[in-house]
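Terms are defined where they first come up.

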Amino acid sequence: MSRILAVDDEERVLAFLSRYLGGEGHHVLTAGNGRSALDVLDREDVDLVLLDLVMPRVSGLQVLASLRTKGDSPPVIVLSAVSDVGARVQALDRGAVDFVSKPFHMVELDARIRRHLSTVPRPQPGGGADHRYLAAGGVRLDLDRRRVRIDGREVVLSPREFSLLAHLMRRRGEVCRREELLHDVWGLDLDPESNVVEACMRRLRYKLTDPPIETVRGVGYCFHEV
């Protein structure tokens with residue numbers, strides 16, 4: 001059973017999400033504003049966050065900025081009626097793994113939740129712990145605790161940086177096209193005409209200090225075993 005935090009200043013939205021996701025077997029926590037959401041995340045283990053952008057006291061973008069500084073944080077799906085492309089890109093740049101526009105179809109949201117929860121496999125009772133880790137090229141990912149070690153040192157990554165690195169490592173030796181990364185890591189079917197992939201890769205390379213990731217100019221990126 002996954003623990004999901006729903007954050008929205010509309011009680012009817014929280015009630016709807018709690019009822020539906022609870023019926024799907026999830027344990028749902030709720031918060032009516034960004035400040036309350038950060039308080040919940042400080043004291044509770046949460047597998048995924050559903051986050052509104054426009055809220056009193058602390059906005060969704062401020063929540064994302066705060067989570068980004070902590071590094072080890074759950075994936076965040078933004079649920080918002082904000083239609084501005086700039087706000088969408090800003091949310092993705094600050095670490096959101098997906099953006100779903102209101103009003104939304106619950107079946108589609110449920111599919112996106114399943115996809116992002118599946119990127120962090122849980123060890124199974126009596127075995128399966130090996131699936132918790134990815135290791136290649138001197139980099140080791142703990143997919144359960146979302147931690148990274150390279151050459152014996154621990155590196156703090158944002159949720160987006162972690163997801164990008166995990167995707168490349170799963171496909172090591174293969175070229176991952178930019179369109180594939182936008183879809184599988186950012187949840188975008190259309191190019192927002194921004195450099196979100198390139199900017200995230202620059203941050204990743206800086207933090208890992210020259211990881212074995214090749215840029216295939218005009219195509220995408222490839223993680224090498226070395």
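Strand β3 (residues 48-51), joined to β4 by three bridges, runs parallel to β4. Strands here are DSSP E runs of at least two residues, helices are H or I runs of at least four, and both are numbered from the N terminus. Two strands count as paired if DSSP finds at least two bridges between them.

Before going on, I note that the model is predicted: local features need pLDDT of at least 70, side-chain atom pairs count only at pLDDT 80 or more, and totals for chains, interfaces and linings use all residues. Residues are numbered from 1 along each chain as its sequence is written, and side-chain values use heavy atoms, with hydrogens and water left out.

Next I followed β4 to its other partner. Strand β5 (residues 98-101) pairs with β4 in the parallel sense over four bridges, and F99 in β5 is the bridge partner of V78.

Five of the five residues of β4 (residues 76-80) are buried, so the strand is largely enclosed by the rest of the structure. In a regular strand the side chains alternate between the two faces of the sheet. For β4 I listed V76, V78 and S80 on one side and I77 and L79 on the other, all buried.

The whole sheet came next. I read it as an open sheet of five strands in the order β2-β1-β3-β4-β5, with parallel pairing. β2 (27-31) and β5 are at the edges with a single partner strand each, so one side of each has no neighbour in the sheet. From one strand to the next the twist averages 20°; axes are lines fitted to C-alpha atoms, for helices over the stretch in contact, and angles run from 0 to 180 degrees between N-to-C directions. At the β2 end, five bridges join β2 to strand β1 (residues 3-7), running parallel, and A6 has T30 of β2 as its bridge partner.

Helix α5 (residues 106-117) lies across β1, β3, β4 and β5 and runs at about 170° to β5.

For helix packing I took two pairs. The axes of α2 (residues 34-43) and α3 (residues 60-70) come within 10 Å and cross at roughly 25°. That makes α2 roughly parallel to α3, the cut-offs being under 35 degrees for roughly parallel, over 145 for roughly antiparallel, 65 to 115 for roughly perpendicular and the rest oblique. The contact (heavy atoms within 4.5 Å) is made by G34, L38, L41 and D42 of α2 with V63, S66, L67 and K70 of α3.

Helices α6 (residues 159-170) and α8 (residues 196-208) pack at about 85°, with axes 10 Å apart, which means α6 is roughly perpendicular to α8. On the α6 side I noted R160, E161, L164, L165 and L168, and on the α8 side C200, M201, R203, L204, K207 and L208.

Last, I checked D142, which sits in strand β7 (residues 139-142). D142 is buried at a relative accessible area of 10%. Beyond neighbours within four places in sequence, D142 contacts R132, Y133, R147 and F162.

Conventions: Buried < 20%, exposed > 50% of the residue type's maximum accessible area, 1.4 Å probe, protein only.
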